Amino acid sequence: MKRAFLLLSAFVSALGAQALDPAALLKPPTGTWPSYNGDYSGRRYSSLTQINDRNVQGLTLAWSFQTHAQSMKGTPLEVNGILYLTVPDHIWAVDARTGRQIWHFQRPSEGNHISNRGVAMYKNRLYYGTTDAHILCLDARTGKQIWDKQIADPAFGYYLAVAPLVVKDKIIIGTSGDQADVRHWLIAFDPMSGDELWRWSSLPDPGTPAAATWPDEQRMKRGGGSLWLTGTYDPALNLLYWGTGNPDPVLAGVVRPGANLFTCSIVAINPDTGKLVWFYQPSPHDTHDWDAVETPVLFDADFHGKPRKMLAQASRNGYFFVLDRATGEHLLTSPLVPINWASGLNPKGEPISDPAKEPQPDGSLVQTYQDGTTNWNAPSFDPETKLFYVNVKQGYSLYYLTLGPDKKPEGHQGGNALPLACDAALIAVDYQTGKTRWTRNEGRSISYPGILTTAGHLLFTADVTGNLLALDPATGRELWHTYAGGLMNSSPMTYQLDGRQYVLTAVDSVLYAWALPERDSSGQQK
């Protein structure tokens with residue numbers, strides 16, 4: 001009877017839940033987490049303080065939810081006491097207080113099932129990208145499908161893994177797929193009808209100045225540049241910031257001389273029109289599969305004594321970049337780890353690729369880990385410490401170029417990469433200098449845990465052996481840990497309901513909610 005009552009209560013709560021207030025998207029996340037990064041800035045910082053550096057040792061498991069599916073790589077949304085979480089082919093609505101399932105939507109599909117990073121919410125509707133390149137609209141109260149629109153043809157390797165982003169009255173999503181030489185887009189939809197409003201390609205139009213960065217039109221049209229991670233947005237400047245993926249063929253840069261715009265770039269887009277406002281290219285002429293999709297993090301602070309509206313990115317190529325986000329002006333480029341693939345920086349602070357470190361028929365030894373110094377898992381910026389936090393890898397890799405007798409690339413990659421020694425670390429970076437303030441060494445690893453910081457003077461992340469961690473963000477000192485039985489392949493998030501703060505961590509196929517013990521009226525632990 002008790003279980004039935006709880007399930008009925010959860011169902012009634014879901015049906016009675018109010019729609020998402022659009023104003024919530026404009027505020028730092030507190031009682032809610034209404035978008036992939038919590039808010040538009042991508043800082044992954046919460047002003048909640050109930051769980052803090054003085055009491056975090058008492059953190060305990062409030063509830064857990066088992067998806068019985070593949071590892072979760074997305075971040076749940078929390079709106080009006082309901083959580084919305086995903087893996088490929090599945091969406092769940094879960095009571096955020098108890099972890100009880102409210103509804104489950106399943107849509108089996110073909111295509112690349114590597115991941116799904118979450119849904120977007122507009123009023124009382126959810127938006128979800130599928131492995132066969134469709135965008136779906138669901139009723140958030142019931143999980144019933146409202147409409148289904150196909151974006152691209154999965155026969156050409158297209159799929160959708162990105163969590164969409166709501167900007168004003170538009171749903172914005174980027175295409176994924178790097179197993180075939182295709183063109184990629186950032187696309188805006190009408191949230192009610194699903195009609196396409198605009199489409200921006202990460203490859204330039206023929207005859208434009210950017211087209212001259214490709215050897216010919218045919219190679220440019222098949223040049224890649226997927227947009228597979230959620231961007232950020234500045235409402236005051238009305239600019240949308242998104243990172244783009246690598247050019248194709250991935251490793252065989254010899255057949256595509258030039259910078260290959262707008263691949264491996266940070267782009268600023270007008271969300272009303274879909275027009276490019278400015279761009280910056282962290283990896284011109286990438287030949288190592290180090291795309292620039294990593295989160296463009298937005299914050300306002302002084303830079304060398306002058307107030308600035310800044311964008312910072314820890315790039316997969318091993319560099320840390322700081323830009324003026326209004327103009328795209330370069331402010332800082334600094335290596336995150338020791339690297340040797342670049343011979344220097346150009347006048348805009350963009351790395352200059354060393355031809356000797358590009359893939360070679362007999363191999364090239366590169367001092368950077370093959371999967372990248374960092375990857376898609378979220379960094380965080382804490383406005384109190386003024387530090388940028390990111391999990392990184394450092395090591396060596398061998399890169400091979402493979403061309404056929406006709407001098408054309410063999411396969412999609414046109415080469416192979418062999419990772420060698422690799423060590424993981426969590427680093428805290430001073431954004432004004434690019435210098436590392438502190439380091440927590442983790443040892444050998446293949447994972448890149450995400451990060452959350454809070455006004456409770458805490459940094460939540462995980463280590464490479466399966467421990468969930470709470471650290472002092474000023475020093476990196478460990479304050480709390482627990483072993484969760486697997487790897488955290490997504491990023492933590494937090495919210496507060498009925499006066500109780502929760503921190504959520506997804507470990508493999510299980511979502512864990514952590515909180516301080518509840519107390520009765522006399523102050524005793526329940």
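I began with Ala188, which I found in strand β13 (residues 185-189); helices (H or I, at least four residues) and strands (E, at least two) are DSSP runs, numbered from the N terminus. The model is a predicted one, so I kept to its limits: local features need pLDDT of at least 70, side-chain atom pairs count only at pLDDT 80 or more, and totals for chains, interfaces and linings use all residues. Residues are numbered from 1 along each chain as its sequence is written, and side-chain values use heavy atoms, with hydrogens and water left out.

I looked up the cover of Ala188 and found it buried, at a relative accessible area of 0%; buried means under 20% relative accessible area, exposed over 50%, and partly exposed in between (1.4 Å probe, protein chains only). Leaving aside neighbours within four places in sequence, I listed the contacts of Ala188 (heavy atoms within 4.5 Å), among them Lys170, Ile172, Asp195 and Trp198.

I then turned to the nonpolar cores, each a set of buried Ala, Val, Leu, Ile, Met, Phe, Trp, Tyr and Cys residues joined through side-chain atoms within 4.5 Å. The largest core has 55 residues, of which Tyr84, Trp103, Leu186, Leu240 and Trp242 touch the most other members. Strand β13 gives this core its largest share, five residues. A second, separate core holds 40 residues, including Phe299, Ala301, Ala312 and Val390.

Next I traced the open sheet of five strands, whose order is β1-β30-β31-β32-β33 with mixed pairing; two strands pair if DSSP finds at least two bridges between them. Strands β1 (45-46) and β33 (478-483) stand at the edges with a single partner strand each, so one side of each is left without a neighbour in the sheet. Strand β32 (residues 467-471) runs antiparallel to β33 and is joined to it by five bridges, and Asn467 has Tyr483 of β33 as its bridge partner.

I also followed strand β34 (residues 493-497), which is largely enclosed by the rest of the structure because four of its five residues are buried. In the hairpin of β34 and β35, with two residues between the strands, Asp498 takes a positive phi near 50°.

My last search was for salt bridges (a side-chain nitrogen of Lys or Arg within 4 Å of a carboxyl oxygen of Asp or Glu), and the whole structure has 22. In the pair of Arg316 and Asp291, the closest N and O atoms are 3.1 Å apart. Arg316 lies in the loop between β20 (306-314) and β21 (319-324) and Asp291 in the loop between β18 (275-280) and β19 (297-303), so the pair ties together parts that are 25 residues apart in sequence. Arg316 counts as buried at 8% relative accessibility, and Asp291 counts as buried at 2%.

For Asp300 and Arg325, I noted 2.6 Å between the closest N and O atoms of their salt bridge. Asp300 is partly exposed, with a relative accessible area of 48%, whereas Arg325 is buried at 5%. Glu518 and Arg500 meet in a salt bridge of 3.7 Å, N to O, linking the segment after β36 (510-515) to strand β35 across 18 residues. Finally, I recorded one network in which salt bridges that share partners join Asp234, Asp300, Lys309 and Arg325.
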